[in-house]
Amino acid sequence: MADKGVGSRLSALFLLVLLVISIGMMQLEPAEGRTCKTPSGKFKGVCASRNNCKNVCQTEGFPSGSCDFHVANRKCYCSKPCP
């Protein structure tokens, strides 16, 4: 009966050591902030050029902008880091 207790303790210890080693080997990536997007208020027409969209968004106070699909066409969305 004493042998069974020692064996199960060794098994538990072995699993614990494996768990600690595997956690130590995991590579953690740095957390990135989320990006908030909002439709441009000044961009008119179908968004075909990301550069044009970005330039219009910068006039609206956003650091960046991109053309994204909305329903059936592409619209200019301005983006910035979420607060």
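Buried here means under 20% relative accessible area, exposed over 50%, and partly exposed in between, using a 1.4 Å probe and protein chains only. You are looking at a predicted model, where local features need pLDDT of at least 70, side-chain atom pairs count only at pLDDT 80 or more, and totals for chains, interfaces and linings use all residues. Residues are numbered from 1 along each chain as its sequence is written, and side-chain values use heavy atoms, with hydrogens and water left out.

With a disulfide taken as a pair of cysteine sulfur atoms within 2.5 Å, the count is four. Helices (H or I, at least four residues) and strands (E, at least two) are DSSP runs, numbered from the N terminus.

**First stop: C57 and C78.** Select this pair and you will find the sulfurs 2.1 Å apart in a disulfide. C57 sits in helix α2 and C78 in strand β3, so the bond ties together parts 21 residues apart in sequence. C57 is buried, at 0% relative accessibility, and C78 is buried at 0% too. The S-S torsion is about -85 degrees, so this disulfide is left-handed.

**Next: C47 and C67.** Their S to S distance is 1.8 Å. C47 lies in the loop between β1 and α2 (50-59), and C67 in strand β2 (residues 64-70). C47 is buried at 1%, as is C67 at 10%.

**Then: C36 and C82.** These sulfurs are 1.8 Å apart. The pair links strand β1 (residues 35-39) to the segment after β3 (73-81), 46 residues apart. C36 is partly exposed at 29%, whereas C82 is buried at 18%. A torsion of about 120 degrees makes this disulfide right-handed.

To finish, trace the pairing of the bonded cysteines in sequence order: 1-8, 2-5, 3-6, 4-7.
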